[in-house]
Amino acid sequence: MVVKVVSHTSELNRFLPIKPCKTTPPTIFSGTPEVDLSHPEAKTIMVKACQDYGFFKLINHGVSFHLISNLENHALNFFSQPQSLKHMAAPPHDPFGYGSSRIGSNGDVGRVEYLLLNTNPDVLSPNSLLILHQLPVLFRCALEEYMVAMKKMCCEVLEVMAEGLGIGERNALSRVVGDQRSDSCFRLNYYPPVAADGNMLIGFGEHTDPQIISVLRSNSESGLQICLNDGSWVSVPPDPTSFFINVGDSLQVMTNRRFKSVKHRVLAESKKSRMSMIYFGGAALSEKIAPLKSLMSKDEESLYKEFTWLEYKNAAYKSRLADNRLSLFEK
Ligand SMILES: C=C1C[C@]23C[C@@]1(O)CC[C@H]2[C@@]12CC[C@H](O)[C@@](C)(C(=O)O1)[C@H]2[C@@H]3C(=O)O
Ligand SMILES: O=C(O)CCC(=O)C(=O)O
Ligand SMILES: [Fe+2]
């Protein structure tokens, strides 16, 4: 009998079970709200989209396509390397760095490879710095440039949103993500092509994002699905020239549930690889995540207990992907 000794985590990962999905073709969603950032009515459409779906597509965003495709090319080169070269010196149990199949540390799996980074040089753990410095210098520059552009755009979107919500201070939301100490993160997801046997696999299981907003850009391969209010799942047609914005749990709280954080997932279904890049705009660790006073009506009560981003993050990172993390903090 030949006993194969699996000595590396990446090897182990290949044997993790990933549930195949039903083969019925997904419903294509034709109703993605579209927000033109250069349009004077952007604020109204944005707020309605966040109330109705917690999700919208952003066009005329002003981010150069060169910046995006430059990062995409470097990322593709990175993921195309042999497995042994992708594994970086990230210590075990650190969510940051390169990963394959395992999502988080509580048993979730998906057919995905990723690179997860902390975006803030001030709260960068020594591990995150270690990871960045193991990447080719041009890749690292492309990442840094892209993250700066994402932070700026995230703040612009949050300012338009605040205006749309009728909040007096335009920076009530954007100052949280714009803060020097904001604990935002960035993720590159690479979904390898799937066999043409009609089976769809879970690429990234259903979840909500814990942060304030997430800014997602993908190549032209489909896979992203959102859950509508009636509980049905619909496929979002990809658009590599636009960004997709998700309302995260923190924004659901800051708006006292006027906005709902959107449940989403990715099915690995394409014969070509899908690549996505997501900027998760978060708060500083010490920031109180609570409904904005300027938004609340006179006798309105907060639907949530008081907590800081650090408290929420700690709880979130102990949970499974599909858990309702906010329920722990509801009054
Ligand atoms: C299973 C998990 C992965 C995750 C941490 C968690 O315990 C629950 C939240 C997950 C999530 C979803 C959005 C982002 O991709 C992410 C980086 C985040 O902040 O929360 C992931 C976490 C992760 O991959 O470690
Ligand atoms: O890869 C994608 O398109 C979405 C992934 C996602 O939702 C996440 O990383 O939180
Ligand atoms: Fe997500």
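**Ligand shell, strand pairing and a helix face**

The shell around ligand 2 has 5 nonpolar, 4 polar and 2 charged residues, where Ala, Val, Leu, Ile, Met, Phe, Trp, Tyr, Cys and Pro count as nonpolar, Asp, Glu, Lys and Arg as charged, and the others, Gly among them, as polar. This is a predicted model: local features need pLDDT of at least 70 and side-chain atom pairs count only at pLDDT 80 or more, whereas totals for chains, interfaces and linings use all residues. Residues are numbered from 1 along each chain as its sequence is written, while chains are lettered from A and ligands numbered from 1 in the order in which they are written.

Among the residues around ligand 2 are Arg187, Asp209, His264 and Ser276; a residue belongs here if its C-beta atom, placed from the backbone, lies within 6 Å of the molecule. At least two shell residues come from each of β7, β9, β13 and β14, strands being DSSP runs of E with at least two residues and helices runs of H or I with at least four, numbered from the N terminus.

Strand β13 also pairs with β10 in the antiparallel sense over 3 bridges (pairing requires at least two DSSP bridges), and Gln225 has Arg265 as its bridge partner. β10 and β11 form a hairpin with 5 residues between them, and Ile226 stands opposite Val234.

In helix α9, Trp309, Tyr312, Lys313 and Ala316 are buried, with 20 or more other C-beta atoms, placed from the backbone, within 10 Å of their own. These buried residues fall within an arc of 100° seen down the axis of α9, so they line one face of the helix; the arc is that of the directions from the helix axis to the C-beta atoms.

Note on methods. A residue is buried if 20 or more other C-beta atoms lie within 10 Å of its own, exposed if 12 or fewer, and partly exposed in between; C-beta atoms are placed from the backbone.
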